[in-house]
Amino acid sequence: MSRAAAFGLARGAAFAGAGIAFPFVFSTAWIVNIGVLTLMYAALATAWNLFSGYTGYITLGQIAFFGLGAYSLGITFEHFGAGSGYNPFYALPLVGAGVAIASIPVAWIALRTRHMTFAIVTLTLLFVVQQLAFNLHSLTKGSTGLMLPTPSFPISSYDTPFYLAMLALTLLALGLCWLTLRSKLGLMLLAIREDEEKARGVGIRVTGAKLVAWSLMVWITAMVGGVWAYYLTFIYPESSVDPLVMIGAVLMTFLGGRGTLWGPTIGALVLVPAQQYMITKLGASQLYLVGYAAVFMVVLLVLPRGILPSLRSGADALRERRRTHRKRVARQGAPA
Amino acid sequence: MHQLIQAIIIGILIGGVYALMASGLTLVFGIMKVINVAQGALVILAAYLSYALWSHLHVDPFLSIFIVMPAMFVLGVAVQLVFVRSLRGPDASELSLLVTWALALGIEGVLSVVFKTTYRVSLPSYSDTTWTVAGYQINEVRLLGFVTSAVLLVLLSVLLTRTRFGRAVRATVQNPTAAELLGVDANRVQTLSFGLGVSMAAAAGAVYGVIYPFNPGSHYDLISRLLSIVVLGGLGSLGGAVFAAVGMGIVESVVAVEISPIWAAFSFFVVLIAFLLVRPQGIFGVRERTL
Amino acid sequence: MKHSPARLATLAATISLAAVAATAGTAAARTTAASAGPIKIGISLSLSGDFSDPGKFAMQGYKLWAKTVNAKGGILGRKVVLDIKDDASSPTQAATNYQNFITKDRVDLTFGPFSTLLTAPSAAVAHRYGYAFIEPAGGGPAVFDQKLNNVFFTQPAPIVESGDVFVRWVLSLPKAKRPKTAAYPELDDPFSSPIAERMRQQFEKAGIRTVYKTIYPSETVDMTPIVSKIASKKPDMIVGGTQAGDGYALVKALVQANFSPKFLFEANGPNSPGEFPSKVGASNTQGIFSASDWFPKAKTYGNPYFVRQFVKTYGGTAGGIDPGSAEAYAVGQVAQRVISKVGVNNAKIIAALHKGKWPTVEGTLHWNAIGEPTGKFLLMEWLGGNLYPVLPKGVATRKPTFPKPGWGG
C-alpha cells in the first residue's frame, strides 16, 4: 500500500476511533443528540458527494430517497414487523438495497438527459415521492403520518445506538468514496466528469458507471432515512422529504469542498453544531430561512470550492512561495 | 362529457398563466444556460406587491401589472448583476441552480417576516363574476388572466422576432461567440433578458394573486411545476414552454375531475417522465451537441 | 501534498467538537438551584416555517399566562420563566429542542408545541424522561395512537370529534327537514379528512346518501374542478373537511359556480371570525356552520379576564383573538392548578391530571388514560354577519338556523 493510502487509512481509523469513543465520553443526552444530527448530515453529504461530486451531475433529488428509506422502514414495521430493539438496524441494509434497486430505472431514464435537465428531473422526484407518501394511504397512512414503535433502549444512553448507527453509515460512505476513488470505477467517474463524450468515445461504459455511483448514493441515503425514522418514531410526508435537509447537506458539501473525501464531513462538523448554537441563541427569531439563504449564498459566491480545496491551494501556494523564495535567496547569495 | 370539456376549459385558462411564468424561465436558460430556481419565488413576490397595491391603494390587480412589471424588471437586472453574472467557469450552470435556490429561500424568508404566512388573495369586485357560455362556466378573473398572459406572450414573441434586441437575443442563444463577433454585447443581452424574464414572471404573479390564495411557501409548488414545464417543452424553447404549460393545465384539471384531485399534479410528472423516456430533449428541445 | 490541509482540517474539526463538549461540561456542572428559584418551563414553538402564524398565537397565549401568573406572585411563591425555542416547524428540531430542555437546561416542566405533527415526536421525548406534557395543539389521532400516559390535550375533545355536535343536530331534525344527500370534499391532512370521514360514516348510517366524496392534496389552491363536480350532483348538504385556506377557497368556488347547498359545514375557515368575511365576501357568510373549541364571549373559567388582558397586552379586539392563544393559556391554567396541588414533580403531576376535572378558558377538561379530553366541541354559525355558538345548549347564544340562504343574502 502506498504511503498516501496508509495515511488515508490512519486518518479514517482515527476518525472512527474518536467517533466511537465520543458518546461514551460525553454521554449527556443532548450532546449525543447533536452527534446524531451531525453524523446524519455527514453521511448524507458524503453520499451526495459520492455521486454529484465525482460524476459532475448535480442531483437535487437525494432527499426523496431519504424519505423512501424512512417510509420503507416504517412500512416494514407496520406491515411486517421488523422486530424491536437493535433488529431494525440489521434490517436496514436490506431496506436500503431495496430502495436503491427500485431507484435504478428512474435514474436510467433521468441520466439520458443532459446535466441541467437531469438536475431538474431529480428535483421533481421530491414531489413525486411526497405525493406517493400522501396518496398510498393504506400503505403509508398518508398525511396522518406513520408511527414506528419506540425501542426500549436504556434511558440513560437512549440516543447512543442511533449515534452509532449514523457513525457506521458515515464511515461506510467515507469508505465507499475512498475505495471508489482508488478503483477503476473512480477513474471512470472522473473521466466522465472531465468530458463525458470523450469518455464514451474511448469505450468507458458511461451509463453503467453513473448508475453504480447512483446506487451507492441511494443505498446510503435510504439507510440514513431509516435510522432517522426510527429515532423520531413518527414520520409524515412533509418531514420525510424536506428540501431544507437536502439544501443543508449540499451546503455542507460545498462548504467543505465538493469532490474531496473529507470535505462533506468537515462541512457537517462545522455547520450542524453552528446551526444548533444559532437556534439556541437566536431562539425566537424569524430570520432562520434568511440566515440559511445568506450563508448558502456567501459560500457559493465567495468560497465556491469550499474549505478543503481552498486550504489545499492556500497551502500549496505557501509552499510554492517558500520554495521560490529559497531559490531566489540561493541564487542571489546571502539575503540582502 | 360536459364535465370533461369544463375541465379542459379550466385547464387551458390556468395553463396560459403558467405559460407566462415559464416563458421567462426558458428564455433565460436559452440565453445564459442558467436555471432560475427563484422564478417561483419572484412570481410570489410580485403577487405580494400586487396584493399590497390592491389592499392599501385599491389599485386593480390587472392594472397593477403596469407598476409591478417595470419594478420587477429592475429587480431582475439587479439580481443578475449581483448574483448570476459573477458565476464563472465550467460549473456556472450548476452553481446557478444552487445560487438561485438560495435566492428563492431568501425571498421566502423575507416575505414570511414581512407578510407572515397567512394566505392572501386579491379580491377585486369582479372576482366572483362567472359567465355561462354555451353551458360552460367561465370565471371572469381566470379569463382575464388568460387573456393577459396571451397578450404578453404575443408581445414577447414580437419582441424576439422583430426588434433588434430580439435578434441580438436569438443570436446569443444560437451562437454566443459568433454573436459577439458581430457586435452583440453578450453581457448586456444577458442582463436585460434576465430582467425581461423576471418581469414576465411578475405579470404572471399579479394575475396569480387574484385567482389563487398564496403565501410565502407557495413558491415550492410553483417552481416544481414550472421546471417540469420547461423541461417538457424543451429547455430554451418558448413555444415548447407554452405548449407544455397548457398541456399541463389540461392534464391536471382533467385528472382532478375524472379520477381524483390527489393524483392530479402527480399525473403530470408521470407524463413528464414517460415523455423523457422517449424524447429526452423535450418537445421542441435540441439534443445536446458536443462542443 | 495531501497531508497538511487535511490534517489542518481534521484538527479544526476536533477543536470544534471539543468546544461543543466544553460547553457541555460547564452546562452539566451548573446545578439548577432547586426549589427556591423560578419554575422553568421549556416550550418549542414554530416561530418560522409553515406553522409560524399559529405558532405565534400560541406564544402570545403562553406569554400572557406567564405574565399574569407572575403579577400575582407566581406559583407557590416561585416565578414562572418560559424558555421558548424555535423549531422552524420541523419535527426533528422540535424533538431536539425538548431533548435540550430536559437534559441540558433541566427545565422543571415542558409544555406542548404547535400541531399534532410536531407534538407526536415531542411527547415521545418527554415521555422517555418522565415529564408531563400538557399541550394545546396536538389533538389528532397520531398523538393519541402512541398511547402515552403523560399527554394532556387542552381542548374540549380530540380534534377528530369536531363535527360530532353538527351531526347530532342534523340528525335531530325532523326527517322531512333533514338533508337527503351530501357531498364530502376533504383536505388531505391529519385532522381535516378524519373529521369529515367520521361525520360521513355517521350520516351514512342515518340514511343520508353520499353523492360525492373526494380527498384533495394539501397544496390545492384551485377548488374549481372539485366544486364543478359537486355542483353537478346538487347535494342538499356539503360537509367540508377543511383547514382555513381551502375552507375559504371552497366557499369562493361555490359562489363562483353559483351553487348554494341547504346545509354547509366546514371544519375550519368559517371559524376565523376576522378572516372569513374578508376572504369570501361578507354577504356570503350567512348560515354557514363550523366547529370551534373556544370563542371570545365564552363564560368559561378565567375567560373574561383572559380576553381583557389579551387585548390590553397585544391590542386588537376580542373578536380578533385566535383560539390558539386561548389553548396555550389553558395549558398554563392547568399547570398552575396542578402545581399548586402537588408541587413541581412530574410523576405526581401526571398522576393528578388523570383524575378529576380541570377548569380552563377552554371549558372544564377531563382526560382519559391516553390524554384524550372527554368533552364536546362547539357548533358555530354565521348569522347576520357575526359568528355565534349555537350548540351545545349550555353555551349557545343563538339558535341554529337553517336552511342556508342563497349567496349574497
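How many salt bridges are counted between chain C and chain B? The count is 0, a salt bridge being a side-chain nitrogen of Lys or Arg within 4 Å of a carboxyl oxygen of Asp or Glu. The model is predicted, with local features needing pLDDT of at least 70 and side-chain atom pairs counting only at pLDDT 80 or more, while totals for chains, interfaces and linings use all residues. Residues are numbered from 1 along each chain as its sequence is written, and side-chain values use heavy atoms, without hydrogens and water.

Chain C gives 25 residues to the contact and chain B gives 26 residues, where contact means heavy atoms within 4.5 Å. Together the two chains bury about 2,200 Å², 53% of it on carbon and sulfur atoms; buried area is the accessible area (1.4 Å probe) lost on putting two parts together, summed over both. On the side of chain C that touches chain B, the elements giving two or more residues are H2 (52–71), E7 (209–216), H8 (224–233), H9 (244–256) and H10 (275–280); these helices (H or I, at least four residues) and strands (E, at least two) are DSSP runs, numbered from the N terminus. H8(C) supplies the largest share of that side, 5 residues.

Ala124(C) is buried, with a relative accessible area of 15%, as buried means under 20% relative accessible area (1.4 Å probe, protein chains only). Beyond its neighbours within four places in sequence, Ala124(C) contacts Thr233(A), Gln146(C) and Leu148(C).

Key: Chains are lettered from A and ligands numbered from 1 in the order in which they are written. Buried means under 20% relative accessible area, exposed over 50%, partly exposed in between (1.4 Å probe, protein chains only).
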